[in-house]
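Trainee: I would like to go through this model step by step. Could we look at it together?

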Amino acid sequence: MSLAELICPAGTPAALRTAVDAGADAVYCGFQDATNARNFPGLNFTPEELEAAVAYAHARGTKVLLALNTYPPAGKVDLWRQAADTGARFGVDAFIVADMGVADYIARTHPGVRLHLSVQAAASSPEAIRYYVQNFGVKRVVLPRILTIPEIRKIRQDIPCEIETFIFGNHGLMVEGRCSLTNYLTGQSTNMDGVCSPASDVEYIRDEATGEMSSCLGGFTIDRFGPEEKAGYPTICKGRYTAPHRPEGYYAFEEPVSLNLSRLLPELIDAGVHAFKIEGRQRSKAYVRSVVSAFRRAVDDIRAGRKANIDDLVALTEGQKQTQGAFETKKWR
């Protein structure tokens with residue numbers, strides 16, 4: 001396959017059609033249950049919607065990747081097996097998996113469908129990646145967002161499968177596949193229930209005297225915003241907390257910044273990255289259309305040897321700040 005395949009988010013059937021029409025090479029989506037890591041009300045697909053979506057995408061030359069990227073609790077693996085069977089019956093082009101048991105089931109039961117290793121598996125070394133390739137036939141690995149371009153280049157030389165990297169969206173520094181923070185407050189796990197900060201536990205409280213807005217999760221205040229600030233969705237890892245020595249508030253885990261690697265696309269292609277992943281299954285159709293269209297033009301320009309215009313992507317970032325994260329190094333060759 002060619003390098004720089006554009007992998008785009010599809011949180012709803014409408015967003016999938018939008019991404020396809022905007023030029024996505026592939027879209028990724030999930031069912032309305034715990035088998036995918038974006039299990040939020042109003043998102044994802046029923047089986048009937050997925051069947052129609054696959055037909056729509058394939059008619060326009062776009063691949064569909066089904067995310068089964070959570071970890072089944074003991075004794076409940078049937079839900080994941082049924083999701084794999086349904087996806088294979090509808091003709092999805094690949095499954096994005098994290099759990100070894102799920103990978104094993106698909107490899108044995110549906111050997112004709114590609115397996116992609118989710119970032120939730122947190123496989124960042126050649127040894128770990130080769131294990132999945134050799135034992136389950138994994139064709140592509142989605143790398144964690146903590147690797148530099150030199151590290152990606154070295155990994156590409158040492159593994160027998162394709163590489164996919166995130167290029168736009170959330171800049172998560174937590175170790176993917178190992179987060180239990182929201183489970184502490186809500187009893188639901190990102191990696192087993194597919195939901196980080198479930199909407200039923202989210203509350204916004206406005207102080208009528210000051211105009212401040214507090215965002216709360218499970219009865220705990222996660223952040224407080226001034227009258228002119230946009231109140232963010234409460235996630236523990238991006239919460240702003242106070243302490244006796246920091247009464248002004250500080251980010252204890254990570255600051256809510258957005259990943260934007262648009263200026264590093266040529267370096268990533270040169271390093272051997274096969275696919276670029278855009279995050280945003282919870283975002284609107286307008287967001288999907290704007291981001292996918294902009295990156296479609298940028299990738300096409302780079303492939304044609306032209307200078308890519310990516311300035312309009314700055315306004316679409318999720319947080320107040322954007323970063324190139326660990327990917328950026330001054331001397332990466």
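Trainee: Is Asn44 buried or exposed?
Mentor: This is a predicted model, and Asn44 sits in its loop between E2 and H2. Buried means under 20% relative accessible area. Asn44 has a relative accessibility of 2%, so Asn44 counts as buried.

Trainee: What is the phi of Asn44?
Mentor: Asn44 is a residue other than glycine, and its phi is positive. The value is near 80°.

Trainee: Thr46 is in the loop between strand E2 (26-29) and helix H2 (47-59). Is Thr46 buried, partly exposed or exposed?
Mentor: The cut-offs are under 20% for buried and over 50% for exposed, with partly exposed in between. Thr46 has 22% relative accessibility, so Thr46 counts as partly exposed.

Trainee: Which residues does Thr46 touch, not counting residues up to four places away in sequence?
Mentor: A contact needs heavy atoms within 4.5 Å. With residues up to four places away in sequence not counted, the residues that Thr46 touches are Phe31 and Gln32.

Trainee: How far apart are the C-alpha atoms of Thr46 and Gly30?
Mentor: Along the chain, Thr46 and Gly30 are 16 residues apart.

Trainee: Is Thr62 buried or exposed?
Mentor: Thr62 is in the loop between H2 and strand E3 (63-68). The limit for buried is under 20% relative accessible area. Thr62 has a relative accessible area of 3%, so Thr62 is buried.

Trainee: Which residues does Thr62 touch, not counting residues up to four places away in sequence?
Mentor: Residues up to four places away in sequence are set aside here. The residues that Thr62 then touches are Val20, Ala24, Asp25, Ala26, Val27 and Ala57.

Trainee: What covers the buried residues of H1?
Mentor: Helix H1 covers residues 13-21, and its buried residues are Pro13, Ala15, Leu16, Thr18, Ala19 and Val20. The cover over these buried residues includes strand E1 (5-9), E2, H2 and H9.

Trainee: Which residue just after H1 takes a positive phi?
Mentor: The phi in question is about 110°. The residue is Gly23.

Trainee: Is Ser200 buried or exposed?
Mentor: Ser200 is in the loop between helix H7 (181-186) and strand E8 (202-206). Exposed means over 50% relative accessible area. Ser200 has 67%, so Ser200 is exposed.

Trainee: How far apart are the C-alpha atoms of Ser200 and Phe40?
Mentor: Ser200 and Phe40 are 160 residues apart along the chain. Their C-alpha atoms are separated by 9.8 Å.

Trainee: Which element gives the most to the lining of the second largest pocket?
Mentor: That pocket has a volume of about 190 Å³. The elements that give two or more residues to its lining are strand E10 (220-225), strand E11 (240-243) and strand E12 (246-251). With four residues, the element that gives the most is E10.

Trainee: How many charged residues are in the lining of the second largest pocket?
Mentor: The lining includes Asp223, Arg224, Arg240 and Glu248, and Asp, Glu, Lys and Arg count as charged. By class, the lining has three nonpolar and three polar residues, and its charged residues number four.

Trainee: What percentage of the residues of the protein count as buried?
Mentor: The protein has nine helices and 15 strands. Of its 333 residues, the share that counts as buried is 53%.

Note on methods
Residues numbered from 1 in each chain as written. Predicted model: local features only at pLDDT ≥ 70, side-chain atom pairs only at ≥ 80, totals over all residues. Heavy atoms only, no water. Buried < 20%, exposed > 50% of the residue type's maximum accessible area, 1.4 Å probe, protein only. 1 Å grid on protein atoms, 1.4 Å probe; cavity = no way out; pocket = protein on both sides within 12 Å on 5 of 7 lines; lining within 4 Å. Points joined across faces, edges and corners; volume = space filled by probe spheres on them.
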